[in-house]
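Me: I am new to this structure and would like a close look at one part of its surface. Please keep the answer plain.

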Amino acid sequence: MISTKNIISDLADIPREWVFEYYLNLKEKLTGQDVKILSAFNSKDKVPSMYIYYDVKSLVYKFKDFSSGNQGDSIELVMLLFNFNTRGAAVAKIINDYQSYVLNNNIQPKAEFKFHDKFKVVDYEMRHWNNLDAVYWTGYKIGSGLLQQYNIVPLVHFTMERGEEDGSTVAFKFLKPYMYGYFREDGELYKIYMPKIKEKKFIKVQNYVQGFDQLKYDCKYLIITSSLKDLLCFKKLGISNVECIAPDSENTMIGESVINKLTPHYSKIIVLFDNDEPGIKAAQRYKDKYGFNFVVLDMSKDLSDSVKDHGVEAVRDRLLPLLKQAL
């Protein structure tokens, strides 16, 4: 019987660094470092003149061969190595060869690092914002001002480590687009956000009530949103006399000690979580424990998706009556 579990049909299912490792017979895994080798296009090359490097602008590996003048990404590498006329032909070969590699080595395609609580973030590197970041955040109407105010910074990479029983250390270095560090006002990293990784969008580094450092206690009401992204989208609605915070997640309740510090500063505290069963159940727990009313925005799954899907004005028009009712 043929198993379809390991069938590869899309270039997105193949690690781009694998292309360089496989076709250039590299002796080391590419984990963010630059590698210099003899030219793959000039057999007379005696001094390594071909560079495989991680391009921080496009966030993928590329190559530049000073001996032949060839350069480009992984697809262009395969085009040149096998004299293909189109990128499509190169992509087809990459997919076919990776399929064989997966089957012959009995591995899972594009094996991803399995996150575990015992792994800890031990290192990271910040980078500048790029066009990919701008497209992602502005899709939620979130601009650079809010991102800076709430200390959200894009990352080049981060490393996670785990100590083994024999005293050794296992480490994984992540270099992907759309990785963001969430920082406290004192510069401490408390969370990493990877919106394109469905299996694990968040890496928690330390406990922190999001938005707490930005509170000014000069408003009458406090909204508890389900996430920092929802908090930022709420700020875009232009609803006055309201401040916002967010727990680590909907499943992590803000503790009594924090709530006791907050309640004297506000006339009402209202919960605004996701428009689904887990979100409503989580909001109900706040009502049961603290007596906070909650609202359900019956648009998209959460506040940020509602802003993205329907726009700021439509969300504000729908949400304002709900909030007034909850008060």
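Which residues form a positive surface patch?

Reply: The model is a predicted one. In it, Lys196, Lys198, Lys201 and Lys308 form a positive surface patch. One of these, Lys201, sits in the loop that runs between strand S9 (189-193) and strand S10 (202-204). Lys201 has a relative accessibility of 38%, so it counts as partly exposed.

Strand S10 also holds Lys204, whose partner Asp248 lies in the loop between strand S12 (242-245) and helix H7 (256-262). Lys204 and Asp248 form a salt bridge, with 3.2 Å between the closest N and O atoms. The pair therefore ties together parts that are 44 residues apart in sequence. Asp248 is buried, at a relative accessible area of 15%, while Lys204 is partly exposed at 46%.

A further salt bridge links Lys301 and Asp276, at 3.7 Å from N to O. Lys301 belongs to the loop between strand S14 (293-295) and helix H9 (303-310), and Asp276 to the loop between strand S13 (268-272) and helix H8 (277-290), so this pair connects parts 25 residues apart in sequence. Through shared partners, salt bridges join Asp274, Asp276 and Lys301 into one network.

As for the chain as a whole, the count of salt bridges is 12.

Conventions. Residues numbered from 1 in each chain as written. Predicted model: local features only at pLDDT ≥ 70, side-chain atom pairs only at ≥ 80, totals over all residues. Heavy atoms only, no water. Patch = residues over 30% accessible without salt bridge, like charges linked within 9 Å, V, L, I, M, F, W, Y side chains within 5 Å. Areas by Shrake-Rupley, 256 points an atom, 1.4 Å probe, with all protein chains shown as cover. Salt bridge = Lys/Arg side-chain N within 4 Å of Asp/Glu carboxyl O. Lys, Arg positive; Asp, Glu negative; His and termini not counted. Charge placed at Lys NZ, Arg CZ, Asp CG, Glu CD. Helix = DSSP H or I, 4+ residues; strand = E, 2+ residues; numbered from the N terminus. Buried < 20%, exposed > 50% of the residue type's maximum accessible area, 1.4 Å probe, protein only.
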